[in-house]
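Thanks for coming. I will take a few minutes to walk through one structure, starting with the overall picture and then going element by element.

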Amino acid sequence: MATGRGSRYLLTIGRWRRSFGIAPQFRALAALVPGVSHVDNKSDFLGKRPHRRHPGILQLSCVRLPQALAEAAQLLLLGDAMPNMEKQVQALTNYLWSRHLPVEPEELQRRAVLLEKKILENADSCQTEKHHEEILHALRRTTYHWQELSYSEGLSLVYMAARLDGGFAAVSRAFHEIQARLPEFQPQTLMDFGSGTGSVTWAAHSTWGQSLREYMCVDSSAAMLELAEKLLKGGSGSGMPCVPGVFFRQFLPVSPKASGGVQFDVVVAAFSLSELPSKADRTDVVQTLWRKTGHFLVLIENGTKAGHSLLMDARDLVLNGKEKSPLDPRPGFVFAPCPHELPCPQLTASKPLACSFSQAYYPIPFSWNKKPKEEKFSLVILARGSPEKANRWPRITQPVLKRPRHVHCHLCCPDGHMQHAVITARRHGRDLYRCARVSSWGDLLPVITPLELPPSAQDAPES
């Protein structure tokens, strides 16, 4: 639905609605793309390519783990005698998906004050000790109890069975966007914070294996690092690694702000920021990761409200950050998915939604993992440089609905607003209509911002 400035682009449908009896709840569907009604014909963006391959298409076909990685994971799981692996995998998957962020001390204090005020209103002031017990009991009952996961050897194997394939799919989709939009970008170094089973390394090698020469994997769990190394060596502790140039560290290399330290072309934190116990810890880590970033900082979390909110905090921290790296004073901008640096319209809506995307993948081949799955995730890719050089086409934020002679697209637009656009060949032109019809959730719609249409065109009814 149009909001803010986007509302001025609503189509005048009075005559059409009266003629065909359109119900009021469907009036919002008749909306133009905000500030947009033409394909980007100025740059000849299609060239000789067909519409189904327009440059805004970023979708990946169903992702499959590299054969060496799938075989190594199978070997490790078959060699383990852990009972009820399928049930443990499902339980861990459900727990990770439903996990919330830890409650901050300030919020906990605010809740305690409100509970104390409520209890004291209807209680005997002499029983102070009893009141404190009631408050503590009420806090425990109403506050989400966040726990840090300690990955032992056994839990690391369960995590690998639960998350290796889905994590690989989400990271592959993020790397594919960088490669598709900047094919000339050839990174040489990569750092993965919270590397876990090493899915980021495998995805990066599949994308830029011809140029990457150094992978720095950082994870606080020694068991996870050992498992990741075994996967690289085919499931054993010996042999040559399938991906050369991989190094493991248990602690994030923190460099003094004055010196900036060594930078990496690509820095990644996939499903890792949500493992940190407080907002202060996340702030420190994000600032350190940004100082380590030479070109792209890729942040990925579960496609939930908690995951999306966490990423928006990290996004704002980088965009509003005052500190400059001595090695690289270039500012940051949002490369994906937002086509702007304005506040996220999903969070400011009356009913906030998570900005998430979906990637199909083939799971690790096991008896309970035979059918393709979908990985739902949120991401933010931050880049160093000038946003003027970035592609500012609207992003499709929900599945595209294709109907006879019209297409419904939910867009996040460069003006910082969400728009439900109904695109037709008659009103928007054949090129834009065909581009919209072949586009998918997560793609960019190749449109520009022309002058507003004349009143006569805006009032014309649809056929």
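First, a term: a residue is buried when its relative accessible area is under 20%, exposed when that area is over 50%, and partly exposed in between, using a 1.4 Å probe and protein chains only. By that rule, 49% of the 463 residues in the protein chain are buried.

Some housekeeping. What you see is a predicted model, in which local features need pLDDT of at least 70 and side-chain atom pairs count only at pLDDT 80 or more, while totals for chains, interfaces and linings use all residues. Residues are numbered from 1 along each chain as its sequence is written, and side-chain values use heavy atoms, with hydrogens and water left out.

The protein chain has 14 helices and 15 strands. These are DSSP runs numbered from the N terminus, with helices being H or I of at least four residues and strands being E of at least two. A contact here means heavy atoms within 4.5 Å. Of the contacts in the protein chain with a separation of 6 or more, 78% are between residues 24 or more positions apart.

Now to strand E7, residues 293–302. Why is E7 described as largely enclosed by the rest of the structure? Because nine of its ten residues are buried. For its neighbours, I count two strands as paired if DSSP finds at least two bridges between them. Strand E6, residues 264–270, pairs with E7 in the parallel sense, over six bridges.

In the loop between E6 and H9 sits Pro277. With a relative accessible area of 37%, Pro277 is partly exposed. Leaving out residues up to four places away in sequence, Pro277 touches Pro102 and Trp146. Pro277 and Gln147 are 130 residues apart in sequence, yet their C-alpha atoms are 8.2 Å apart in space.

Next, Glu177, in helix H6, residues 153–181. Is Glu177 buried or exposed? Glu177 counts as buried, because its relative accessibility is 2%. Its contacts, again not counting residues up to four places away in sequence, are Leu58, Phe335, Ala336 and Arg395.

On a 1 Å grid over the protein atoms alone, a cavity is a set of points where a 1.4 Å probe fits but cannot get out; a pocket is an open set with protein on both sides within 12 Å along at least five of seven lines; and lining residues have an atom within 4 Å of a point. Points are joined across faces, edges and corners, and the volume is the space filled by probe spheres set on them.

The largest pocket holds about 900 Å³. Its lining has 44 residues, with Gly194, Phe271, Ser272, Glu275 and Leu276 nearest the centre. Elements giving two or more residues to that lining include helix H3 (85–98), strand E3 (189–193) and E7. H6 gives the largest share, four residues.

There are two cavities of 30 Å³ or more, and the largest cavity has about 90 Å³ of space. That cavity is lined by 15 residues, and closest to its centre are His308, Pro337, Cys338, Cys344 and Cys355.

Last, strand E14, residues 418–423. Six of its six residues are buried, so E14 is largely enclosed by the rest of the structure. In a regular strand the side chains alternate between the two faces of the sheet. In E14, Met418, His420 and Val422 are buried on one side, and Gln419, Ala421 and Ile423 on the other. Strand E13, residues 406–412, runs antiparallel to E14, joined by six bridges, and His410 has His420 as its bridge partner. Five residues lie between the strands of this hairpin, where Gly416 takes a positive phi near 85 degrees.

That is the tour.
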